[in-house]
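Morning, everyone. I have one structure to go through today, and I will take it piece by piece. Please have a look at it first.

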Amino acid sequence: MKGIKNIIFDLGGVIININYQLTYKAFEDLGVKDFTSLYNQFTVSSLFGDLEIGKIGKADFLEAMLQHTPAGTTHQQITDAWNAMLLDFPLRNLQILQQLRQHYNLYLLSNTNIIHLEAFNKILQDSRGIPSLAAFFDKAYYSHEIGLRKPEKEAYQFVLDENGLEPAETLFIDDTLPNVEGAKVTGIQTIHLLPPKKLSDIFR
């Protein structure tokens, strides 16, 4: 951490526990055939990609997903299946963020979408009584709001430029290797948080 003044965090798999298999199973249970061809952690179809960069909104996404589900499927069922991957915020992770914020500038850079944003803020509110992740960061950046997603170098550059951050003084932590490699292109220092390693293994 020598020379580091700023830390940019990924969200899923770093701060909030996620399990993609739960969403795959939920959609299969709804009758969606081969959901993994539509979406997985590393490749997303244009529908999911467009949702993730804010090109389409919640209503358009839900309507489009109805074409892949049996007749009678509701928007709520699709929403619940899509959110099934989102689990919990370990208390230790939130404590680490609070402690680090006393010494570093903290930022969040997440490939996410409006449906998941609403869901994980609700999880945080219901479980910890905190209405938004914004409480832990100087600023949170979500791909659907900025129109950029990792591992595009422009996503990292956006955060650097908007906050006047020096790449060499900035650390980026993500659980996905392509995202870590994308950050390296901009000169940012990186940590690949490879499971089962957790934040508490880095910051004791």
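**Helices, sheet and a pocket**

This is a predicted model. I start with two helices: α4, residues 58–66, packs against α5, residues 75–83, at an angle of about 100°, and their axes are 10 Å apart. Angles of 65 to 115 degrees count as roughly perpendicular, so α4 is roughly perpendicular to α5. On the α4 side, the contact is made by Phe61, Leu62, Glu63, Met65 and Leu66, and on the α5 side by His75, Ile78, Thr79 and Trp82. Sorted by class, that contact has 6 nonpolar, 2 polar and 1 charged residues.

Next, the sheet. In general, strands of a sheet pair through backbone hydrogen bonds, either parallel or antiparallel. Which is it here, parallel or antiparallel? The pairing is parallel, in an open sheet of 5 strands ordered β3-β2-β1-β4-β5. β3 (139–142) and β5 (189–192) each have a single partner strand, so they stand at the edges with one side left without a neighbour in the sheet. On average, neighbouring strands are turned by 20° against each other, direction ignored.

Isoleucine 7 stands opposite leucine 106 of β2. Helix α10, residues 177–185, packs on this sheet and touches β4 (170–174) and β5; the directions of α10 and β5 make about 170°.

Last, the second largest pocket, with about 370 Å³ of space. It is lined by 19 residues, and the closest to its centre are Gly13, Val14, Asn17, Pro195 and Lys197. The lining divides into 10 nonpolar, 5 polar and 4 charged residues.

Technical notes
Residues numbered from 1 in each chain as written. Predicted model: local features only at pLDDT ≥ 70, side-chain atom pairs only at ≥ 80, totals over all residues. Heavy atoms only, no water. 1 Å grid on protein atoms, 1.4 Å probe; cavity = no way out; pocket = protein on both sides within 12 Å on 5 of 7 lines; lining within 4 Å. Points joined across faces, edges and corners; volume = space filled by probe spheres on them. Nonpolar A, V, L, I, M, F, W, Y, C, P; charged D, E, K, R; others polar. Axes fitted to C-alpha atoms, helices over the stretch in contact; angles between N-to-C directions. Helix = DSSP H or I, 4+ residues; strand = E, 2+ residues; numbered from the N terminus. Parallel < 35°, antiparallel > 145°, perpendicular 65-115°, else oblique. Contact = heavy atoms within 4.5 Å. Pairing = 2+ DSSP bridges.
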